[in-house]
Amino acid sequence: LRRSPAARQSGKAGRLPAMTLQVVGAGVGRTGTTSLKAALEQLLRGGCYHMFEVMEHPGHVAVWSAAADGDPVDWGALFEGFTAAVDWPASAFWPELSAEYPEALVLLSTRSSPEAWYKSADATIFQVMDRPTPPGMEEWRAMVDKTGFCQRPAFTTVKGNSKRSSR
């Protein structure tokens, strides 16, 4: 965990208001984000935004799509009732979220190696994304495609290291 540069410069200490993000996750799916969500909900005694939230709130798809387009986003409205955000798509926007919530800690979750992450993502996330888009999920799929995260071509291997080539 680390405080954002803006928070470190402000010198402010103490507890943040209950209904603002206190933790911004910078780690992508398959890096323990579901366990992290559960732990943060206990520790912070508030909700933790995760990819699950996007699936449960279809209206959030348009907000994430706008963010991917670079349009202004009302982060406060999106994260109302949440004290943390982890996993994709929030992790794809950690710099923007850190700027919006400068007192929030930025947490990067990882796996033991890029290869271990890719193997896990390939067996789960990428398998789902390889399937045809279910009816009614077209807007969600378009939003996912805009960020480029869940597409195998977004990753390349250079000297044994997996590298993400897009947001």
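The model is a predicted one, in which local features need pLDDT of at least 70 and side-chain atom pairs count only at pLDDT 80 or more, whereas totals for chains, interfaces and linings use all residues. Residues are numbered from 1 along each chain as its sequence is written, and side-chain values use heavy atoms, with hydrogens and water left out.

The protein exposes about 9000 Å², of which carbon and sulfur atoms supply 56%; these areas come from the Shrake-Rupley method with a 1.4 Å probe, and for residues only the protein chains shown count as cover.

The protein contains 9 helices and 7 strands, taken as DSSP runs (H or I of at least four residues for helices, E of at least two for strands) and numbered from the N terminus. Strand β4 (82-85) takes part in two pairings, where pairing requires at least two DSSP bridges between the strands. Strand β2 (residues 23-25) runs parallel to β4 and is joined to it by 2 bridges, with Ala85 as the bridge partner of Val24. Strand β3 also pairs with β4 in the parallel sense, over 3 bridges, and here Cys48 stands opposite Ala84.

A nonpolar core is a set of buried Ala, Val, Leu, Ile, Met, Phe, Trp, Tyr and Cys residues joined through side-chain atoms within 4.5 Å. The largest such core has 32 residues, and Tyr49, Val54, Trp64, Trp75, Phe79, Trp140 and Met143 touch the most other members. Elements giving two or more residues to this core include α3, α4 (60-68), β4 and α9 (138-147). Apart from it lies another core, of 8 residues, among them Val23, Leu40, Leu44 and Val86.

Contact, meaning heavy atoms within 4.5 Å, shows how Tyr49 is placed. Beyond its neighbours within four places in sequence, Tyr49 is in contact with residues including Val54, Trp64, Phe79, Ala84 and Val86.

His50 is buried, because its relative accessible area is 3%. Leaving aside neighbours within four places in sequence, His50 is in contact with Thr33, Thr34, Lys37, Val86 and Asp87. The side chains of His50 and Thr33 are joined by a polar contact of 3.2 Å, that is, a pair of N or O atoms within 3.5 Å; within protein, one must be able to donate a hydrogen and the other to accept it, and residues adjacent in sequence count only if both atoms are side-chain atoms.

Note on methods. Buried < 20%, exposed > 50% of the residue type's maximum accessible area, 1.4 Å probe, protein only.
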